[in-house]
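Student: Can we go through this one together? I'd like to start with a helix and then look at the rings.

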Amino acid sequence: MVRVLASDGMDKTAVKALEEAGYEVVQQFYDAGQLKEQVKEFDVLVVRSATKVRKDIIDCAAAAGRLKLIIRGGVGMDNIDVAYARDKGLTVTNTPSASSASVAELTIAHMFALSRFLYISNVTMREGKWEKKAYKGVELSGKTLGIIGMGRIGLEVAKRADALGMTVLYTSRHKKDLPDYEYTTLEDLLGRCDYVSLHMPAREDGQPLLDAEKIALMKDGAFLINVARGSLVDTSALCDALDDGRLSGAALDVYTEEPCTDERLLHHPKVSLTPHIGASTKEAQKRIGQETVQIIRGMFG
């Protein structure tokens with residue numbers, strides 16, 4: 001019997017589909033030390049973002065010889081040492097299309113939250129405050145959105161922003177044939193856009209794409225949204241820019257360390273926060289599960 005370890009959980013309909021097809025599915029999170037031993041007993045490892053599949057775990061799996069397939073339920077695979085695993089003969093893949101719409105909608109939601117102070121007025125009202133005059137917002141229509149990374153998610157964000165009456169600029173590793181949106185350099189995008197949204201993997205060197213120097217290039221009064229990877233933004237430099245008024249607000253769904261314990265971020269009045277929930281919709285989880293089942297059955301029958 002083919003055994004599947006879903007270390008970060010799996011949609012119940014996907015579990016049912018696999019079990020009905022004769023697979024055994026174990027849903028159990030293991031820390032790195034435990035996972036090194038557990039992977040020896042499974043044919044498939046399915047992870048989300050919590051589980052890190054590094055070289056030591058891959059070595060144990062390869063030595064045992066049973067594990068054949070690693071699936072990242074979602075888009076980015078930077079929590080897996082992909083090239084190393086493939087060199088060891090393992091198949092590594094993800095479900096790139098399943099959560100794109102959900103992450104894009106969270107991006108737009110954060111833009112609304114920042115623009116109309118939804119994230120903070122909800123708090124102050126519960127504290128008994130009526131700060132109507134303090135919350136004079138701005139409209140998204142007529143503003144310019146800069147998208148850094150025009151992959152599947154970036155494109156879904158662009159479609160929604162366009163429908164809201166925004167002008168969309170983008171920069172990406174490769175210029176794409178997108179006549180509705182303007183391709184430009186990172187520096188030009190930062191200087192022209194009212195909203196900047198990140199949709200790219202973490203950098204290989206682990207360094208921020210938007211450090212103090214790059215943040216200083218952003219348009220005065222702009223908003224920054226990061227639902228991609230926490231390491232892409234120097235959050236200390238970001239808070240400095242918020243404190244001195246150069247930026248109007250920021251929204252984060254991802255953090256360098258998760259759970260986030262950065263007190264400056266957690267209590268900053270200009271920062272809208274969510275706990276890495278970009279793909280956390282019922283629809284996305286169902287699609288991820290369906291795609292995961294297809295991948296597993298495509299390999300094992």
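Tutor: Helix α5 is followed by F117, which has a positive phi, near 60°. Helices here are DSSP runs of H or I, at least four residues, and strands are runs of E, at least two, numbered from the N terminus. This is a predicted model, in which local features need pLDDT of at least 70 and side-chain atom pairs 80 or more, while totals for chains, interfaces and linings use all residues. Residues are numbered from 1 along each chain, and side-chain values use heavy atoms, without hydrogens or water.

Student: Is α5 buried or exposed?

Tutor: Largely enclosed by the rest of the structure, because 12 of its 16 residues are buried (under 20% relative accessible area; exposed is over 50%, partly exposed in between, 1.4 Å probe, protein chains only). Among the buried ones are V103, L106 and H110.

Student: How many aromatic pairs are there?

Tutor: Three. Phe, Tyr and Trp rings (the six-membered one for Trp) pair if their centres lie within 6.5 Å; planes under 30 degrees apart are stacked, over 60 edge-to-face, the rest tilted. F117 and Y135 form a tilted pair, 5.3 Å centre to centre with 35° between the planes. F117 is in the loop between α5 and α6 and Y135 in the loop between α6 and β6, so the pair ties together parts 18 residues apart in sequence.

Student: What is the relative accessibility of F117?

Tutor: 21%, so F117 counts as partly exposed.

Student: And what kind of pair do Y170 and Y183 form?

Tutor: Edge-to-face, at 5.4 Å and 65°. Y170 is in strand β7 and Y183 in strand β8, 13 residues apart. Y170 is buried at 0% relative accessible area, whereas Y183 is partly exposed at 33%.
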